[in-house]
Each structure stands twice: as C-alpha cells, then as structure tokens.
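Let's take a quick tour of a protein fold together. Have the sequence and the 3D view handy, and follow along one topic at a time.

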Amino acid sequence: MDDFMAELLKLEKFSFGVGDRFARQARAQLRAFILAAQQGLDVIPVWNKSNREHVIVGSEPSGTRAAVEAAVKQLGWRKAYHVDADHIGLKTVDRFVPHSDFYTIDVADWIGKPADATAVEAFIRKHPELAGQISIPRIEWPFQTTAAEVRRIAGKYLLAVQEAGKIYRHIVEAKGGRKFITEVSMDETDQPQTPPELLIILAAIADEKIPIQTIAPKFTGRFNKGVDYVGDVAQFEKEFNEDLAVIAFAVKQYGLPETLKLSVHSGSDKFSIYAPMRRALARFGCGLHIKTAGTTWLEEVIGLAEADGDGLALAREIYAGAVEHAEELCAPYATVIDIDSQKLPSIVTVNGWSAAQFTAALRHDQKNPAYNRHLRQLIHVGYKIAAKMGERYLNALDKYEETVARNVTTNLYERHMKPLLLGLERVAPPEAAVRAPEATVSSL
Ligand SMILES: [Zn+2]
C-alpha cells in the first residue's frame, strides 16, 4: 500500500468544512480563512453540501462549485480549497462527480447488517494482531480484546466497509484519473464507535484499499444541530484522545495515508468540546477536519434580522413558517435535534420582537439569558422555508449582504477557528519528547 500517497490529492493538516445552503456566503466564509491566515493559522476551507441539502434547497452541486470558484478568484485565495460531496452513497454520488474533489462516503446505514461469514472469517485470519492485548502509544491501558469480540465487531462493520470500497472504486472510475480526497463517515447512526472499534474499522478500510484521509466516527454524546454538545465532556475527551492515538497507530500498522485524520461532523457549534479537542490536537501534534456547515445559514438569518426593516420581517417570517411546518422540517433530523416545543416563543411574540430581541434569541451566545436553543434548532432545520421563498430570500441576502457577511465571517473566525485552532501550530506535542512513538502489538 506504499503507492497510496503518490496517488493522492493530499489534504492539509487543518481544514474546516463550511456549508453554504444558498451558495451566497462563500466570500464571507473565505474571509474567515484569510483572517486566520493573517494570524499565522494554516487552515483551508472545504465547502461541503450533502445530497439531502441539495434536495431540500433544490440546488445542484455545480452551483456550489461556481460560488466557490468566484469567491476564490475575487479574494485571491492562493492556498488549497475543496468541494465536498457530503454524505454520498452509490445512488447519489454521480451528479457530484464533475464538481467535487472531496467525497464523504456515508456507510452508516450498512452498520450492523450482517457481512458474509466467509469474509468475516478471512478478516479474522488476516488480523491475529487485533485479538489479545494491543498496546497503542499514548493510550494509558492496552486494549484487551478477545477473538470473539473481534468477530462481533468485524461482523458489525465489515459490510459497511465493503460498501465504502464499492463506492470508492465507483468514484475512481467516474473521475477517470482525476485525484480526489476520500472520507468515510459512520456518524449518522445511534451508537458511538469506541476506539477499539475504530481500530478494527481502519484495518478493514486498509484491506479494502481505500486511501482515506478523513474518518468520521460517531462520538459519544449528542451532537444536536446548531447548539452545544450534550454529554459527558470528560468521557468525550478521553475517547477523542484515544481515537487520535488509534489513527496514528493504524497509519503505521496498516500503511494508511499519513494525512489520515479525524473528521468531526459537529452539527455546528460544539463549543464546549473545542477546548478538549484543542488540547488533544496539541498533545498529538496532529491535524483535524471539522464540519460546521449549518452555522452559516443561521448567521444569514441573524444578519437579516439585524438589518431590521424588511430583513427583520423576513427573519420573523422564516420563524413563523418553521413553527407551522415544524413536524415536517424536524423529521429528517429527528436523531440530531432536541426541541422542547413548550420553550418556543409563539409566532405572535416573535412578530413583536425588535432586531435586538430576535438576534439575542438566535445568536449562539450561551451567556446571553435571551438565547434560546430550542428556537435556534428549529431555525437550523428550517432552511426549507427560505428555499421556498426563492428569489425573495436570495434578493434579501443581496440587499443586506454587508450585515449578513459580517455575521458569517465573525462567527466562523471568532467562535470556531480561534478557540479551536489558533496558536496550535506553535504548540509542541509534549509527549513526543518523553515517550517513544513506536507502535507495538502483541497478540496473546
Ligand atoms: Zn455527518
């Protein structure tokens, strides 16, 4: 598998997945990356949009690419950038192929479906190192696994990995020699993957010869849309550190691409785990891909409300539409939102709000007592209402471009990039000098 790297479009160490539902904010988003670059932070943008979003908005992958190219040209961005076909499968990938150079192969639906028994047995025979005691550098206690556990885990994930292989090979063929970045995502499922499971998944991915550069597991805790993390932060930090250790180990052990890193599908704005992630990245000296797409759409609504006048009127109308169609809007996101309808202000109340009241409720400032995470989640999933407004919504974005763009840029740079990444590259990984990075595997 030494030929992996030669064939790759290499992904940089730090990358941010930004989403742009209506393809109007690429410039404002790119400005955040320029601000970061001016502060010495090397982070590159990846514009991701899923098939689900395209269907709901009624947009095409070509539109994402066009908006990105225009922004890059206008602002003179000279570093790398990518366009991610987010959460695609065999049935949905084709229309992305001419426009995307990053593919997030989503195989969550295949997890738990039984793999062919002979394939499972072959995997176990090929990987005796996975059963027994596995000592991984920088994980305090060795993993203890039994052959039966490896069989169970392989049985749970092997079919998903085989499907990822099929999709990967399909893209290779469709791209006809053009290079691209491959991510495998397993985050849209109900059970988190433990670090030992991640190791087995990575072994299977290497067997399938998928040159993944980012892997998106499901982490412990809830990643509700647009609001902060809900769960045990200490447990998250422990597992996140272990995942980083597992990845570094798997790269050496199975010859996966050296650029392989975690992809955190954050569902936007997981501020309380930014500090733990930052500590872990500093400790390991490794990179990260984080997707925080929906946050930009919410800043559009904040910008419109802040503009007052008919901008505020439109923001109120979006809220009213979201309340009226709450059931329909929430259905595709049922597993990633927690909205208490009792805590939602009435349409009448919101129609009486000033610009300051509306933005205070929606803006993700947890210190502000007026902030309402129920309203924020509902508007997060409510972009279909704006999509239905069509030109009226897009015209408002143009009319209030300055206010909207300021909110989009400030949000990405101040609330996301700065707390998560700024200054990281100057931090030396402390353990590197203390503990030998050599990987050891001993089978019982
Ligand atoms: Zn995801």
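Two strands count as a pair if DSSP finds at least two bridges between them. With that in hand, have a look at this model, which is predicted.

**The barrel**
- Here 8 strands close into a barrel, and the pairing is parallel.
- Going around, the order is S1-S2-S3-S4-S7-S8-S9-S10.
- On average, neighbouring strands of this sheet are turned by 25 degrees against each other, direction ignored.

- Strand S7 covers residues 181-185 and strand S8 covers residues 212-216.
- S7 and S8 pair in the parallel sense, with 4 bridges.

- Helix H1 (residues 26-38) packs with helix H3 (residues 61-75) at an angle of about 50 degrees, and their axes are 9 Å apart.
- H1 and H3 are therefore oblique to each other.
- The crossing of H1 and H3 is right-handed.
- On the H1 side, the contact uses Ala 26, Arg 27, Leu 30, Arg 31 and Ile 34; on the H3 side you'll find Ala 67, Val 68, Ala 71, Val 72, Gln 74 and Leu 75.
- Sorted by type, the residues of this H1 and H3 contact come out as 8 nonpolar, 1 polar and 2 charged.

**Helix meets strands**
- H3 also lies across strand S2 (43-50) and strand S3 (82-88).
- Relative to S3, H3 runs at about 155 degrees.

How values were computed. Residues numbered from 1 in each chain as written. Predicted model: local features only at pLDDT ≥ 70, side-chain atom pairs only at ≥ 80, totals over all residues. Axes fitted to C-alpha atoms, helices over the stretch in contact; angles between N-to-C directions. Helix = DSSP H or I, 4+ residues; strand = E, 2+ residues; numbered from the N terminus. Parallel < 35°, antiparallel > 145°, perpendicular 65-115°, else oblique. Left-handed = near helix turned anticlockwise from the far one by under 90°. Contact = placed C-beta atoms within 7 Å. Nonpolar A, V, L, I, M, F, W, Y, C, P; charged D, E, K, R; others polar.
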